[in-house]
2 protein chains.
Amino acid sequence: MQAFQGYSREELIERRNELLKEYENYKNQGLKLDMSRGKPCSEQLDLSNGLFDDTSNLFSVDGTDCRNYGILDGIKEAKALFSEVFNLKPEQIFVGGNSSLNLMYDLVIKAIVLGLNGSEKPWGKYEKVKFLCPVPGYDRHFAITEQLGIEMINIPMKSDGPDMDMIEELVANDETIKGMWSIPMYSNPTGITYSDTVVKRLASMKTKAPDFTIFWDNAYGVHHLYETEDKLLDIISECEKAGNPNRAYMFSSTSKITFPGAGISIIASSKENIAYVNKLFSKQTIGFDKINMLLHVRFLKNAENIRNHMKKHAGIIRPKFEAVNEILTRNLAGKGIASWNNPKGGYFISLDVCKGCAKKTVALAKEAGVTLTPAGATFPYGKDPDDSNIRIAPTYPPIDELKKAMEILSVCIELAALDKVIE
Amino acid sequence: MQAFQGYSREELIERRNELLKEYENYKNQGLKLDMSRGKPCSEQLDLSNGLFDDTSNLFSVDGTDCRNYGILDGIKEAKALFSEVFNLKPEQIFVGGNSSLNLMYDLVIKAIVLGLNGSEKPWGKYEKVKFLCPVPGYDRHFAITEQLGIEMINIPMKSDGPDMDMIEELVANDETIKGMWSIPMYSNPTGITYSDTVVKRLASMKTKAPDFTIFWDNAYGVHHLYETEDKLLDIISECEKAGNPNRAYMFSSTSKITFPGAGISIIASSKENIAYVNKLFSKQTIGFDKINMLLHVRFLKNAENIRNHMKKHAGIIRPKFEAVNEILTRNLAGKGIASWNNPKGGYFISLDVCKGCAKKTVALAKEAGVTLTPAGATFPYGKDPDDSNIRIAPTYPPIDELKKAMEILSVCIELAALDKVIE
């Protein structure tokens, strides 16, 4: 759709003057609104204040004193809980500390120095190693591969997941393509959940590299906003069925279930991969925080209780997602200058403005007191080739602030588009 | 001293027969005694059960909600606490998760892939990189460098620290010697605290590698057993004084102050190094567990309170150290078959038996139900060139069990020595 179709130049200039007044008005209010990161809000955090209710004994079900050293891969009941949630066997699970991102980083850097299960040699022994990066995607994924010198290849996201034709073609012919980032459910930021077909194709495709590895960041696996939920196929069993049992590592955490700063995390994969992970991690630490695992299991209890807990989260943040959609629709629909998704879960709304307008829009918003994720952040190296994608993180601000910020953002989007069309 | 000086062969054979009876007697009791790891005992852990007493609010002094994301390098009050304990500036401190070992691993593997502050290139770009390893030392240090392919060079421990003549000679002439492990206070397992002279020589020596790095594992910095304490010079300020401000990273944790499985840890170094550490770690995680930091600061309060808390630990474990010494002295003194130290702090007693007898002694003990750290574990690659060192970890078992285990160990030491002398 073309921008401002049917409007004359004069009408557009008039509209711009109108908006500039509005914009100046906002600027003069000295606002400080932050929509930059996918952080839960206080009310969401309060849902888990019961985490510390029962610290009277700190022994695990099998009698392990969780205060002391020991147990590298997590206490029994933590494995059991994640087994139930993700339909895996306990021996397919490694329980880590407060950050699944850290587990991903650990695994990538170990692949570079030591290789993964099935590697012919450590990745660092190749001249160059590459990762596939569905875009727009998660900046912190891209930051890991950038820091570690892994070349990133953009893979466009389609409505059912990443472009599989492109992926299949690439991995079939290049043995230096060693991995792929993915947030397969309620993806950051597109909100897309990979279709069954996409998951099956990822699991079964021929790869030139025997150790091609899917980093399956299932960060939003239970983070539904509505009763009607997206469904995601289990990559690990699909890989097994397809004869590639060691292709995928799934990561997840309680960061957006209980406390982002103080949750627990997991790696899940084939039994063989997890045995290898244990071997890799055995030199790194004696074990992760078992007390926190214990308190999490006591608080979260089981899969059904987690479902109910997540409904409370949804109750708090769904109105925020809906407010964003309502305001964008009211201000921008039909103008051909912005499109956005309406996710059924997760933490983000992905907004595409006119080509070449994202940086300018974010800068305008910043000047008016609204902090957004930097334009470009959703692409490897921070470079959005179209300069068009903006990630909206609606969960953290109070709803009144969010609404105000969205009104301001709407003005900024239209101003940036008008500037482009008029000049 | 020669073994069994002044005894005739007949007397020794008779003594062996006597001991064999004793040994069989122990074996038939089906004992299960574990002195293998340096773990605090339950009574020690109970000293910190108050850690969870105040979880009513989880906000840090500066208003940070510790439940949420944010703050890579640790909350203000945690830095302040460690600043006071170790006489450092807050900007010299990075606060991590439950494992200082993990922080060491992180730094070594990052040095390999990315290099450290001051590195000409990542360590992985050299054909070979080497570490100096004072021996006997800590098996988990050696396991890190072994896994990561770093060659280890044994440096004998003298009564005041590692052999500095040897170290100075080596580092002056070999640019591939990139680092050194050290436990400078109440060393694992020798109990030695590095003298001021040793610390000053380490800080000021000329190194061929500009990025030669001392991994200063100050695991037992406040872990005194007696009123008369060892004193350790601060390596970081000594390095600064000597014009090598970025040479050393100090690591420490609350593992043996509060809970080994669930404490908090730090890296400390020059302000510049810590800024670099922040940069390195910024891609790995959003931050470590701030709630646990907060609860630790609330519980531990300040340096003086930590001193008092550590006195309670000492009260529990000092009798265990003394029992080990009493039993070894009573059974073995004057026989020329064993020597051991009487540490003033830390977690270990280092026992040297006759050359070639450590493995046999440990095996005999195992058969009689006493598990010790494997012989050789205190050396790189698990290879004690003299097969003589055994690490005793007296803290974990109840004192009655410990005493029985030491009686059995005494028998095993003497039996192994007799076998050697007689055959």
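This is a predicted model: local features need pLDDT of at least 70, side-chain atom pairs count only at pLDDT 80 or more; totals for chains, interfaces and linings use all residues.
**Chain A against chain B.** The interface joins 41 residues of chain A to 41 residues of chain B. On chain A, four helices each supply at least two residues: H2 (42–46), H4 (100–113), H5 (139–147) and H10 (290–300). H4(A) gives the most, with six residues.

**Domains of chain A.** Domain 1 spans 9–44 + 307–422, and domain 2 spans 56–300. Their C-alpha centres lie 30 Å apart. Contact involves 24 residues of domain 1 and 28 residues of domain 2. On the domain 1 side, helix H11 (303–332), strand S11 (349–353) and strand S13 (389–392) of chain A give two or more residues. H11(A) gives the most, with five residues.

The table sets out the two contact sides by residue class.

**A helix pair in chain B.** Helix H12 (residues 358–367) packs on helix H13 (residues 399–422) at an angle of about 135 degrees, with the axes 8 Å apart. H12(B) is therefore oblique to H13(B). The crossing is right-handed. H12(B) contributes Lys360(B), Thr361(B), Leu364(B) and Ala365(B) to the contact. From H13(B) come Ile408(B), Leu409(B), Cys412(B), Ile413(B), Leu415(B) and Ala416(B). By class, the contact of H12(B) with H13(B) has eight nonpolar residues, one polar and one charged.

Conventions: Residues are numbered from 1 along each chain as its sequence is written. Chains are lettered from A and ligands numbered from 1 in the order in which they are written. Axes are lines fitted to C-alpha atoms, for helices over the stretch in contact, and angles run from 0 to 180 degrees between N-to-C directions. Angles under 35 degrees count as roughly parallel, over 145 as roughly antiparallel, 65 to 115 as roughly perpendicular and the rest as oblique. A crossing is left-handed if the near helix is turned anticlockwise from the far one by less than a right angle, and right-handed if clockwise. Two residues are in contact if their C-beta atoms, placed from the backbone, lie within 7 Å. Ala, Val, Leu, Ile, Met, Phe, Trp, Tyr, Cys and Pro count as nonpolar, Asp, Glu, Lys and Arg as charged, and the others, Gly among them, as polar. Domain bounds come from an automatic or database domain assignment.
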